[in-house]
Amino acid sequence: MDATPFPDDLLQTQAAFNATYAALAAPHRRDTTALRRRLLRLSVRLWWHPYWNTAHSVPAARTQLRQLARTREAARAA
């Protein structure tokens, strides 16, 4: 894998957030409460990760993190 400015745990948390969000968006789910709780836990982990204390431009870095996680997920699916 290529080097990124993001710690592995932060990137993995973003990927888990994306997967949980996609699962929650699927029609006719029965376990929505568990998925919502997981999404909330993951969002708290993302928001309060120590990396954001050292990032220069936090909004831009958050966008870059989301895009990088989506790109990696798409590459794995292909």
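Q: Which pattern does the protein follow, read along the sequence?
A: The pattern is α-α-α. The secondary structure comes to 3 helices and 0 strands, where helices (H or I, at least four residues) and strands (E, at least two) are DSSP runs numbered from the N terminus.

Q: What should I know about the model itself?
A: This is a predicted model, in which local features need pLDDT of at least 70 and side-chain atom pairs count only at pLDDT 80 or more, while totals for chains, interfaces and linings use all residues. Residues are numbered from 1 along each chain as its sequence is written, and side-chain values use heavy atoms, with hydrogens and water left out.

Q: How much of the protein is buried?
A: Of the 78 residues, 31% are buried. Buried means under 20% relative accessible area, exposed over 50%, and partly exposed in between (1.4 Å probe, protein chains only).

Q: And what box do the C-alpha atoms fill?
A: Along the principal axes, the box is roughly 40 × 30 × 20 Å.

Q: Turning to contacts, what share with a separation of 6 or more comes from residues 24 or more positions apart?
A: Such residues account for 65% of those contacts, a contact being heavy atoms within 4.5 Å.

Q: Where is Leu24 placed?
A: Leu24 belongs to helix H1 (residues 8-25). Leaving aside residues up to four places away in sequence, Leu24 touches Thr32, Leu35, Arg36 and Leu39. Leu24 and Arg36 are 12 residues apart in sequence, and their C-alpha atoms are 7.4 Å apart in space.

Q: Why does Leu24 count as partly exposed?
A: Because its relative accessible area is 24%, Leu24 is partly exposed.

Q: On to charges: how many salt bridges does the structure hold?
A: The structure holds 1 salt bridge, defined as a side-chain nitrogen of Lys or Arg within 4 Å of a carboxyl oxygen of Asp or Glu. The side chains of Asp31 and Arg29 meet in a salt bridge at 3.0 Å, N to O.

Q: Are those two residues buried or partly exposed?
A: Asp31 is partly exposed at 33% relative accessibility. Arg29 is also partly exposed, with a relative accessible area of 33%.

Q: Where is Arg41, and why does Arg41 count as partly exposed?
A: Arg41 lies in helix H2 (residues 32-47). Arg41 counts as partly exposed because its relative accessibility is 48%.
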